[in-house]
Amino acid sequence: MPKEVIMPALGMAQDVGVLLRWLKKEGEMVTAGEPLMEVATDKVDVQVEAPASGLLAAVTAQEGDEVPVGEVIGLIAVEGEEIPSAPSAAAPKETPAVEASPAAPLPSSPVAARIAAEHGVNLADVQAAGDRISKEDVEAHIRSTSSGTRVLASPKARRLAHERGVDLASLDGSGPEGAVLAADVPLSAQPLPEAPAIAAPAPAAIEPETQPVSRMWQIMAERLTGSWTSVPHFYLVREVNADQLIHWRTILSSGAADGPAITYTDLLTKLAALSLARFPRLNAYWDDGNIVTVPEINVGLAVAVEDGLLVPVVHSADRLRVEEIAARRADLVARAGSGGLQPNDFAGGTFTISNLGMFGVDAFNAIVNPPQAAILAVGRIADRVVAVDGQPAVRPMMTLTLSCDHRAVDGVRAAQFFEALVAMIEEPLRAL
């Protein structure tokens, strides 16, 4: 039997995947383990390897299609193996007496169904080139039945054109098949009035620029919007004396000349993991009326890249030495910048640290990274005047802000965790 190529599940709670592109063409020979296709998850684009060696055939998903997880999108047949015919050609089963009723329409891709709905097209009227209706089939049907009067356009472009009084037929689309996109719709259909001849030349109007964002940025925006609007946040803020933390980093750095440089993020990752071990309620998440405590302590590190924000994970951080955490962090940051992160690098995060201290930020409130219960925002270390034994003194101080999901953790538990973490920062020997 040929080996099925399915849309894989590359993340928790993933229902669909987007096929970005095939790396092999239908009818081409593939080798087990070599990249076969590129699939988009909610965090990263991933190359999926071929599950077997043979001939790629019976491809049903096109580039850009959203495909349910587990759906078969192709077959790989070994040499000499017969490729099964389409499901419709299978041995007929006994049918009830309603044989004369119209045949059901062919299955369609999610993108094709969406385009058909937007244009009021009955999928039963669409002639498919294969055994499934694709978006190209729907677009061809629209062009053939509208005699050119129906303009291909995205839903947002249609809405903007209606709001601004712009005729879509007058626009040159920059999308696939000449479709009009939102960026193609001008601000107004009315021409700008000419300046009076006696008036001084008015400065040229500067129109706002619509900047398209990457899919990663869109997903980041959707996830954080969902967190901000659905998670009841509360915040705890502490001023921390970083004198001993600085001293600890100096000692570790002097003994780790061969490895990556030790950073304050590495030290905070270790201390936060040890604090989570003492207060596991912070190492949990809210799940449909229940609080789920996770046995492993996996600390995510917020990393900014050109296309958005990534949160790769240092797994089992409580059991790693600081030098091992530093090596893991350096590897994750390097691969994040080059686009080399894999789904396992994001899996299983239970707590997140976001450090903006290196950018001169004193303090900030971070948004909880769903579904986690808390995130630690770290500001810069700076000399400040503080009271020491009733007298003013200059000390290196750092502001920490703990953002929490009030459904999973209350103020007292969060404060207890925070107190343990601050105590270890101010006296790292407590970590022993």
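Two strands are said to pair if DSSP finds at least two bridges between them, and strands themselves (E, at least two residues) are, like helices (H or I, at least four), DSSP runs numbered from the N terminus. In this predicted model, strand β2 (residues 16-22) and strand β7 (residues 66-68) run antiparallel and are joined by three bridges. Local features need pLDDT of at least 70 and side-chain atom pairs count only at pLDDT 80 or more, while totals for chains, interfaces and linings use all residues of the predicted model. Residues are numbered from 1 along each chain as its sequence is written, and side-chain values use heavy atoms, with hydrogens and water left out.

**The chain as a whole**

- The secondary structure of the chain comprises nine helices and 18 strands.
- Of its 432 residues, 37% count as buried, that is, under 20% relative accessible area with a 1.4 Å probe and protein chains only.
- The accessible surface, from the Shrake-Rupley method with a 1.4 Å probe, comes to about 24,100 Å², and 55% of that surface belongs to carbon and sulfur atoms.
- Among contacts (heavy atoms within 4.5 Å) with a separation of 6 or more, 59% are between residues 24 or more positions apart.

**Strands and their partners**

- An open sheet of four strands, with antiparallel pairing, has the order β1-β8-β6-β3. Because β1 (3-6) and β3 (29-30) stand at the edges with a single partner strand each, one side of each is left without a neighbour in the sheet.
- Four bridges link β1 to strand β8 (residues 72-77) in the antiparallel sense, and here I6 has V72 as its bridge partner.

**Nonpolar cores**

- A nonpolar core is a set of buried Ala, Val, Leu, Ile, Met, Phe, Trp, Tyr and Cys residues joined through side-chain atoms within 4.5 Å. The largest one has 48 residues, and those with the most contacts inside it are L245, F351, I353, L376, L402 and I425.
- Helix α9 (residues 411-426) supplies the largest share of this core, namely eight residues.
- A second, separate core of 17 residues includes V39, L56, I73 and I76.
- Leaving aside neighbours within four places in sequence, I353 has contacts that include L268, V299, L376 and V378.

**A charge over a ring**

- The charged end of R249 sits over the ring of Y264, 4.7 Å from the ring centre; the criterion is that NZ of Lys or CZ of Arg is within 6 Å of the ring centre and within 35 degrees of the ring normal.

Methods. Buried means under 20% relative accessible area, exposed over 50%, partly exposed in between (1.4 Å probe, protein chains only).
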